[in-house]
Amino acid sequence: MATNLTINGTSHQVDLPDDVPLLWVLRDELGMTGTKYGCGVAACGACTVHIDGEAVRSCQVALSDVWGDVTTIEGLGTPEAMATIQQSWVDHQVAQCGFCQSGQIMQAAALLAENPSPTDADIDDAMQGNLCRCGTYPRIRAAIHDAASKLKEA
Amino acid sequence: MASVGKILRRTFLIGSAAIVGGVAFGAYYVSRPAANPLKPGDGETALSPFVLIDRQGVTLFAPRAEMGQGVMTTWAALIAEELDVELDDIRVLHGPAAAAYYNNALLGEGLPNKGYDISDFQHNLGEALGVIGRSLSLQVTGGSTSMKDGFDRMREAGATARETLKQAAADRLGVDRTQLKTEDGAVIAPDGTRLPYTELAEAAGQIEPRHVGLRDPSDWRLLGRNLPRVDVLGKSTGNAEFGIDVRPEGLKFASVRMNPKLGGVMNGFDDSAAKTMPGVEQVVDLGNGVAVIANNTWLAIQAVEAIDVDWGDAPYPPETDGLFAKIAEAFDDAPNSTMRDDGDVDVLPEGATEISAEYTVPYLAHSTMEPMNATALFTGTKLDLWCGNQAPTLLLARAANTANLDKDAVEIHTSYLGGGFGRRGELDFAEIATKVAMAMPGVPVQTTWSREEDMRHDYYRPGAIARMRGAVKDGQAVLIDGKVAAQSCTQQAVERYTGLPGAGPDKVLVEGLFNQPYAVPNYRISGHIADLSVPVGFWRSVGNSHNGFFHETFMDEMAHAAGRDPLDFRLELANDEHAPSAGVLQAVKEMSGWTGKTPDGVGRGVAMTYSFGTPVAQVIEVVDEDGTIRIAKAWIACDVGLALDPGTVEAQMFGGMIYGLSAAVMGEITFAEGEVEQYNFPDYDALRMHNAPATEVRILETNRHLGGVGEPGTPPSMPALGNALFDLTGERARALPLINQFNLLV
């Protein structure tokens, strides 16, 4: 039975078993590969997307359980029109290998939506579910503070 | 040696070749031109291209893999510096697998010198031996060698291209070439008219290339500055394509299970349940493992896990204790190498105090963020292979062999690497993907390993034991006698890559131990190879990753025994031996405001390791917060000789340190019943945002040679943390990971 999903404002019909995680619907069925597979057990955050604005691990959300509109890294902004948080990521040259960064950015965007002035402790709390094996944490922290101040000026 | 000297000064010549609508610039080699990966037509000359200009634009080729270390950007900058193009206006691609991209510097590292004491003569000899790289067809990204290898070649390619384009413009305008300037991708005529390179490229392809000298570093406008990385936009918007993101038309998705008793056989399997599961198209018998091809990766993983497999036993002791007993036995045999033997360590200097200690470190996984994967399309006569990899020419040979095709019939497409750290220099993931795709000819198949499969089928950093003996007298180290025992990842890798048994002294086993720049009169270091067949490989900084911990923890113990401040103790010994190493110690002393004293509840440790041509010193500060110990701060100083991109050097230094600290705190691969006991990140975690230290990096440039940056940040982090914990608690850390001994914040 086909399932209807709204992703980045576009409606999609998906014909896959109900228990296939949203992550694998995005990547293998819809070709939206910006959302990454890292662990499959909600331990690394590489698959983070927003459902109705909330940051969730898409590897843990079954297709039939998707409860709202999905936003992925591709929907947050584009290379031509980046979201503020993405611009801060570029300005601070955060990425090394880059594989975890889609998830880091989606998690950070959800943090800033909820808390426009996060402290270092707030950042520690919000971001500790997102693993980065290159160790880009110092620049992630700087980019989040930078985006927070840019959003306040806007 | 005159003839060697002549070859040294010119092991390559920059040349050009006409291509459709344009020109390619790159390297010819004096002895034998390697086959042109751009496939020139009949009658055209073979060339290894670094610059390609046609009507569409300027493309630069970076023949090293971009795994996060910024190599694409810095290679491009080396060319752009001389070519006068802006990085925003050009494309940078991973070069195709080609024999001409052999890695000079990596083989140069094989010389039995300490590195820091290398004379210019030895340095040149090292580069001469690098010519061997060509015959082995090594296009490897590893050993922190990329910049040493590309520094001259890339700039010469850019300069030659620039002057040849100017000649084309001079011919068109009827003026002398010396009257022309270049700027921002165009030749500028005396009257200010701009002739874009794209319009001159075709004519330039018909002109003998112009060779000129390189610009003086004082004239550089790109090198030596923080440049925006060419990959950062794609990696901040989800657009960068990793191996796992490749989506050729009609793609199917597979997953694999190999024997978790590593190297054991497969006795048989029952796939009756798997075959009827949703999305499954085919079960593939790989002989030593099974794969499932499906219409979705997750469905493939579910099905492959539902196959009931009868696995044969592992060819090594099945439990961790048994493995380490075997490693310890290696001390009983004659050493494989004694690469340092100064003075006489068998006689204790009169009046000296002797100390000794034994240290142990575990096996470690690479644990890249992107699990192993590759995508293959096999048609029966041709194989296309897409993956992130660190060794495309070796991969090409292996894939051709697997598919029973000529190498000409195999094409490697290198994508971004979601982490390498040495793991993607191996060939297993591509070989497996090739075999899986061969079961479905004409259909592209992507084979992705589950995280569990990845964690449990690595080529691990070997577990290692060191037995250190030393002596101090009058506040000075007067004797160091160290032995290390571990599996040889070098010998195992040689056998894996070539089929020939590895032999001879293994420098990698003792690197970071025998070649440390301290003036100690009686100094002997031996390496003992443990005869075990656990798959082991090159893990960021390789032998330095265990030897840095051994050497620098022991230095701390000696300083303590001598009643000296551990930083001053090291500084004094380095001052007499290698000024850049003393310089980085002095730098972290200043940066951290080191006094040798810390308040209650705070501990500080220092360590310094010279590796890959770069000395790196680190001071780590730990804080006791109600019984939980947090790594609060880190100061790093390195001397890279010349920082081509300081922002990239800084990122590699703190990234390398965090990779090392992660292992030091919690990294441990253990075995039970022949199988690795860690499955996923909850069992094998790493530092995260809340427990990574605030970090300050200082880059020095006094070193006489260009040093590596991707790996040298890793080794000193582990002893610096252990030494800080000693300062805080009075308990010495002699085994890793530290979480087994200290209540660290995780």
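Helices (H or I, at least four residues) and strands (E, at least two) are DSSP runs, numbered from the N terminus. By this reading, chain A holds six helices and five strands, and from the N terminus on they follow the order β-β-α-β-β-β-α-α-α-α-α. The radius of gyration, taken over C-alpha atoms, is 15 Å for chain A, close to the 15 Å of the globule rule for 154 residues, so the chain is as compact as a globular protein of that length; the rule itself is 2.2 Å times the number of residues to the power 0.38.

The model is predicted: local features need pLDDT of at least 70 and side-chain atom pairs pLDDT 80 or more, while totals for chains, interfaces and linings use all residues. Residues are numbered from 1 along each chain as its sequence is written, and chains are lettered from A and ligands numbered from 1 in the order in which they are written.

Now to the domains. An automatic or database domain assignment supplies the bounds, giving domain 1 (3–75) and domain 2 (77–153) in chain A. Their centres, taken over C-alpha atoms, are 20 Å apart. Across the boundary, 15 residues of domain 1 of chain A are in contact with twelve residues of domain 2 of chain A, contact meaning C-beta atoms, placed from the backbone, within 7 Å. On the domain 1 side, strand S3 (48–51) and strand S4 (54–57) of chain A each supply at least two residues. S3(A) gives the most, with three residues.

Methods:
Two residues are in contact if their C-beta atoms, placed from the backbone, lie within 7 Å.
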